[in-house]
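Work through the exercises below with the structure open. Each one has a task and a stepwise solution.

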Amino acid sequence: MYETVVLQYNIGMQDLQKLKDELKAINGEYAGIRDVPVEERAEFGRKLNEKKQSILAKIAEVEQAAIDEMVEPIDVTAWSGVNELIPEFYSVTAGSKHPLMTELDRVIDIYQMMGFDVIESRQLDDEFHMFDSLNFPKEHPARDGYDTFRTEEGLIPPAHTSTMQHRVLKNFKSNLDEGKAIAVVVPGRVFRNEDVDATHEHTFYQCEGVYVSETCTLGDMLGILREFFEKYYEQKLNIRTQPGYFPFTEPSLEFMIEKPKALGGKKGDFLEMLGCGMIHPNVLKMAGIDPVKYHGFAWGGGIDRLVMLRYGLEDVRNFESGNLNFLREF
Ligand code: DAH
């Protein structure tokens, strides 16, 4: 269809060229007026003008016809109008931000206010960053706890944002040389080979935190985490920790908050929000940081779970479902 239009347009162009040539010839004829007897000059000029006007009119006609025939090339970015064809409750004229991304922005804002830098994690990583750099011994059963996917090339869609710890430590090491702390959070998408149910997804979001300085303590970490959760939920919270195990921290803790009354919690109703601990000396050493001089702590936890508690959501599967009714509630 588009080709036909171009063809017609070309035919119009040929006609146009002929007319323009004629116009040129007429313009040339005006010079001949010198050879015309004076008394006939007026008539000569009138006739030429008439001819010229008629050609100009024809040119305008052909040009207009060409424009009328022309069809705009298809703009693939334009609204298709398909909206009118589907029932009203499906009609969406503009997309919107996914609720998880809106919440992630809030999370990042809070950490930035506390002075943290932000970098994003990768969605494809390698064995070294997923395990070795995090002090998982080769063949250690702790590796099985992160039942991850693998590509045929042996790359790993990461099971946690801790895959970024080594990079953070290396890339921000210069902070320490300048007498400053390393303070970085790493939001990112992570993947696990899970049986999916209301509280487990194969794809979800985490946010990692890494802090290193000469003087920091576990108490500082608990202070930062309390501050974060109280800012995020906009209320005072009771917190609790219990021992945990991660190869990359020593000691390792599970950090819990008491489910706020306003969110349907009862007294003593503690929820595990993230894993954390003092960064293992081997992890610091592997990144070229002296574990005698410097200490660090790190934490990592799910964003989905954080958001579910804030809004009283029961089924994590909604986030990845593409269920518009769910998404429109935000
Ligand atoms: N990466 C751990 C997980 O997803 C959570 C975690 C624990 C992160 C301890 C840390 C940490 O940074 O220090 O299960």
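**Exercise 1.** Count the disulfides, a disulfide being a pair of cysteine sulfur atoms within 2.5 Å.

Solution. Step 1: applying this rule gives zero disulfides. Step 2: take C207, whose closest cysteine sulfur, in C276, lies 13 Å from its own and is therefore too far for a bond. Step 3: take C216, which is in no disulfide either, as the nearest cysteine sulfur, that of C276, is 13 Å away.

The model is predicted: local features need pLDDT of at least 70, side-chain atom pairs count only at pLDDT 80 or more, and totals for chains, interfaces and linings use all residues. Residues are numbered from 1 along each chain as its sequence is written, and side-chain values use heavy atoms, with hydrogens and water left out.

**Exercise 2.** Describe how β4 and β5 are connected and paired.

Solution. Step 1: strands are DSSP runs (E, at least two residues), numbered from the N terminus, and two of them pair if DSSP finds at least two bridges between them. Step 2: β4 covers residues 239-244 and β5 residues 249-258; they run antiparallel and are joined by six bridges. Step 4: a hairpin of four residues joins β4 to β5.
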